[in-house]
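How do the helices of this chain pack, and where does the fold leave open space? The report below takes helix packing and then pockets.

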Amino acid sequence: MGGDEGVVRLAAAWHERVLADEVVSHAFSHGFRRDHTERLAAYWAEALGGPTTYTERYGDETAVVRMHSGNGPHDEMDQRAIACFDLALADAGLADDPRLAQVLHDYFAWTTTTTMARYHHAVDDVPAGLSLPHWSWDGLVAGTGPDDA
């Protein structure tokens, strides 16, 4: 992926894409942190086997899932966010390796439609103590998924 620089490029490219998307940008209409790209890159890096920067500096999986919960089902937004991610892979120079691009797509699609979409009804439904799931070349790392807690 190109280390920290590659993940930051991807996070910045995705963030730019979703802000330009008429549906996905709604998720950011309430505003967002100035360090959103940095935090997102740290989250993705940790989920993909990199350093534990996200959980050491910013919070746990429960906090992330709560940010994405309580908004009702939003399948169209999820699919458009995934499409933005696929385009961001090219923007960040990560689409040239088909295997890498597929693994990253699979991770993002899984986390968007699974971990971030489990609690549509209420933020309070999200349990405390969730661990950040990890993804490898072979998919979800056993024992790290939302059903393994």
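## Helix packing and pockets

In this predicted model, H2 and H6 pack at an angle of about 105 degrees, with their axes 12 Å apart. That angle makes H2 roughly perpendicular to H6, because values from 65 to 115 degrees fall in that class. On the H2 side, the contact uses Tyr43, Trp44 and Ala47. Tyr107, Phe108 and Thr111 meet them from H6. By class, five of the residues in this contact are nonpolar, one is polar and none is charged.

Next comes the pair H1 and H2. Their axes lie 8 Å apart, at an angle of about 125 degrees. That makes H1 oblique to H2. The two helices cross in a right-handed sense. H1 brings Val7, Val8, Leu10, Ala11, Ala12, Trp14 and His15 to the contact. H2 answers with His36, Thr37, Leu40, Ala41, Trp44 and Ala45. The contact of H1 with H2 counts 10 nonpolar residues, three polar ones and no charged ones.

H1 also packs on H5. H1 covers residues 3–20 and H5 covers residues 75–91. Here the angle is about 135 degrees, and the axes are 8 Å apart. H1 and H5 are therefore oblique to each other. The crossing of H1 past H5 is right-handed. Leu10, Ala13, Trp14, Arg17 and Val18 of H1 take part. Their partners in H5 are Ala81, Cys84, Phe85, Leu87, Ala88, Leu89 and Asp91. This contact has 10 nonpolar residues, no polar ones and two charged ones.

| Helix pair | Angle between axes | Distance between axes |
|---|---|---|
| H2 and H6 | about 105 degrees | 12 Å |
| H1 and H2 | about 125 degrees | 8 Å |
| H1 and H5 | about 135 degrees | 8 Å |

Now the open space. What is the volume of the largest pocket? It is about 950 Å³. The lining holds 29 residues, and Ala27, Phe28, His36, Met67 and His68 are the closest to the pocket centre. His36 also belongs to the H2 side of the contact with H1. Helix H2 (36–47), helix H4 (61–67), H5 and helix H6 (98–113) each give two or more residues to the lining. Which element gives the most to this lining? H2 does, with five residues. By class, the lining of the largest pocket has 17 nonpolar, nine polar and three charged residues.

The second largest pocket has about 210 Å³ of space. Its lining consists of 15 residues. Met1, Ala45, Leu48, Gly49 and Gly50 lie nearest the centre of this pocket. Ala45 is also one of the H2 residues in contact with H1. At least two lining residues come from each of H1, H6 and strand S1 (135–136). The lining of the second largest pocket divides into 10 nonpolar residues, four polar and one charged.

Key. Residues numbered from 1 in each chain as written. Predicted model: local features only at pLDDT ≥ 70, side-chain atom pairs only at ≥ 80, totals over all residues. Heavy atoms only, no water. Axes fitted to C-alpha atoms, helices over the stretch in contact; angles between N-to-C directions. Helix = DSSP H or I, 4+ residues; strand = E, 2+ residues; numbered from the N terminus. Parallel < 35°, antiparallel > 145°, perpendicular 65-115°, else oblique. Left-handed = near helix turned anticlockwise from the far one by under 90°. Contact = heavy atoms within 4.5 Å. Nonpolar A, V, L, I, M, F, W, Y, C, P; charged D, E, K, R; others polar. 1 Å grid on protein atoms, 1.4 Å probe; cavity = no way out; pocket = protein on both sides within 12 Å on 5 of 7 lines; lining within 4 Å. Points joined across faces, edges and corners; volume = space filled by probe spheres on them.
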